Protein chains: 2
Amino acid sequence: MELPSKFLQNAVEQFSTLPGVGQKSALRLVLHLLRKNNDELNDFVASLDQLKNNVRFCKKCGNITDDELCGICLNSKRNHNCICVVEDLRDIMAIENTGTYNGAYHVLGGHISPMEGVGPGDLNIDTLIKRAQTQCDEVILALSTTMEGDTTNFYLYKKLKGCDVKITTIARGVAIGDALEYTDEVTLGRSIANRTSFESSLNRM
Amino acid sequence: MELPSKFLQNAVEQFSTLPGVGQKSALRLVLHLLRKNNDELNDFVASLDQLKNNVRFCKKCGNITDDELCGICLNSKRNHNCICVVEDLRDIMAIENTGTYNGAYHVLGGHISPMEGVGPGDLNIDTLIKRAQTQCDEVILALSTTMEGDTTNFYLYKKLKGCDVKITTIARGVAIGDALEYTDEVTLGRSIANRTSFESSLNRM
């Protein structure tokens, strides 16, 4: 796509590095920014500048925070001996919204993906192992059910096997509200193999 | 959506002012930016800074350019007595891609839309009238076929009526490749009312 201004071209190229944003959408976003008045555009740029300079990662769990430790790690009412391993902040928000978990988290910052050039060294795995070795009863692996998520799960399992912790993973099965006939075979097979006592499901209704 | 960092919250709010970006997509984009290394994030912010400080609008037609006049206005091989009125740069790119137009353009910078708070005073209409009054044979209205586009077309028509120029609009009709049975009544009705000689269509095949 040839644009009449090299500065515009540059901004469009930067925007099209964002996930789900192609060249056309990037141009749409940049043209919208150009239509903003000067103050609004300044605010936009300043917000990114501040993000770059001020946002920190929690020293303990890797979550995003403005301080040294995040709110969850500082909360004394939570069970810090149970660590739920997630990919990023959005997973924490999703789990927190369920209101069913009261433990701590550990944010990996992604998943192992050779295709995207992300190896185990790029993730917060060493700090997880250190946390698992000291004061920890259970590590819950709560990564996405994709191939990359499963690879990462298995890598973490191998690494954590040496530590004296219970390693669990979130249940896979038929989602609430789903019809059996439309569920894929792998999920349905897994939900039968991992069936639970009916009485325990009653307690959760 | 409550986020653990006010700087993150601020950046997400800024991103969600962009068209088609909701709070969830904005968070996704900002988290992606945070995963970039420092140099990459600096490049991103710098591209917006440069955009803000260096991009200019062509003094004649309102197109985006790095100089005083855009490449199309400077091109002496084009017919500058024919002005095609469009909403923004993307429309120029679309028309240029057809390879069928050799005149000049005039970029309005949007359309009249009381709902979005855009009135005639917010668009480059005065400069268009001035151009139409001096050295101009034809003004082609090429705005979107939406209600806002039609309103703007009508407003421009009223304003341009006093000038000694031919006012035309791009043809509306059944798109090439479309089946008649799936075409809406308004478009089909318009295509019958504005039928053209078969011979003239042969010349364009």
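Predicted model: local features only at pLDDT ≥ 70, side-chain atom pairs only at ≥ 80, totals over all residues.

User: What is the strand order of the open sheet in chain A?

Analyst: The sheet has four strands, with parallel pairing. Strand 4 (103–107) and strand 6 of chain A stand at the edges, each with a single partner strand, so one side of each lacks a neighbour in the sheet. The twist averages 25° from one strand to the next. The order is 4-3-5-6.

User: About what angle does the direction of helix 5 of chain A make with that of strand 4 of chain A?

Analyst: Helix 5 of chain A packs on the sheet. It touches strand 3 and strand 4 of chain A. Its direction and that of strand 4 of chain A make an angle of about 160°.

User: Which strands of chain A does helix 6 lie across?

Analyst: Helix 6 of chain A covers residues 125–133. It runs at about 155° to strand 4 of chain A. The strands it lies across are strand 3, strand 4 and strand 5 of chain A.

User: Which residue is the bridge partner of L141(A) in strand 6 of chain A?

Analyst: Start at strand 3 (residues 79–86) of chain A, which is joined to strand 5 (residues 138–141) of chain A by four bridges, running parallel. There, V85(A) has L141(A) as its bridge partner. Strand 5 of chain A also pairs with strand 6 (residues 166–169) of chain A, in the parallel sense over four bridges. On that side, the partner of L141(A) is T169(A).

User: Which strands are the edge strands of the sheet in chain B?

Analyst: Chain B has an open sheet of four strands, in the order 4-3-5-6 with parallel pairing. An edge strand pairs on one side only. That picks out strand 4 (103–107) and strand 6 (166–169) of chain B.

User: Which residue in strand 4 of chain B does N79(B) stand opposite?

Analyst: Strand 3 (residues 79–86) of chain B runs parallel to strand 4 of chain B, and five bridges join them. N79(B) has its opposite number in strand 4 of chain B: G103(B).

User: How far apart are the centres of the two domains of chain A?

Analyst: Chain A is divided into domain 1 (6–54) and domain 2 (75–202). Their centres are taken over C-alpha atoms. The separation is 35 Å.

User: Which residue of chain B comes closest to the rotation axis?

Analyst: Chain B superposes on chain A by a rotation of 180° with 0.0 Å of shift along the axis, at an RMSD of 0.0 Å. The two copies are thus related as by a two-fold rotation axis. At 3.2 Å (C-alpha), the closest residue of chain B is V45(B).

User: Why do the copies meet through the same surface?

Analyst: Compare the interface residues of chain B with those of chain A. The copies meet through the same surface because the share of chain B's interface residues that are also interface residues in chain A is 100%.

User: Which residues touch the most other members of the largest nonpolar core?

Analyst: This core has 48 residues. Both chains give two or more residues from helix 1 (6–15), helix 2 (23–35), helix 3 (38–54) and helix 5 (89–98). One cross-chain example is L48(B), which touches residues including F15(A), V45(A) and L48(A). The members with the most contacts are L8(A), F15(A), L48(A), L8(B), F15(B) and L48(B).

User: Is I64(A) buried or exposed?

Analyst: I64(A) sits in strand 2 (residues 64–65) of chain A. Its contacts come from both chains, among them F57(A), L89(A), L8(B) and L31(B). Its relative accessibility is 5%, and the cut-off is under 20%, so I64(A) is buried.

User: Which residue of chain A does N63(B) touch?

Analyst: N63(B) lies in the loop between strand 1 (56–57) and strand 2 (64–65) of chain B. It is buried, with a relative accessible area of 5%. Its contacts in chain B include C58(B), C70(B) and V107(B). From chain A, N63(B) touches P4(A).

Terms used
Residues numbered from 1 in each chain as written. Chains lettered and ligands numbered in written order. Heavy atoms only, no water. Domains from an automatic or database assignment. Core = buried A, V, L, I, M, F, W, Y, C linked by side-chain atoms within 4.5 Å. Buried < 20%, exposed > 50% of the residue type's maximum accessible area, 1.4 Å probe, protein only. Contact = heavy atoms within 4.5 Å. Least-squares fit on C-alpha atoms with pLDDT ≥ 70 in both. Pairing = 2+ DSSP bridges. Axes fitted to C-alpha atoms, helices over the stretch in contact; angles between N-to-C directions. Lists of a residue's contacts leave out its neighbours within four places in sequence.
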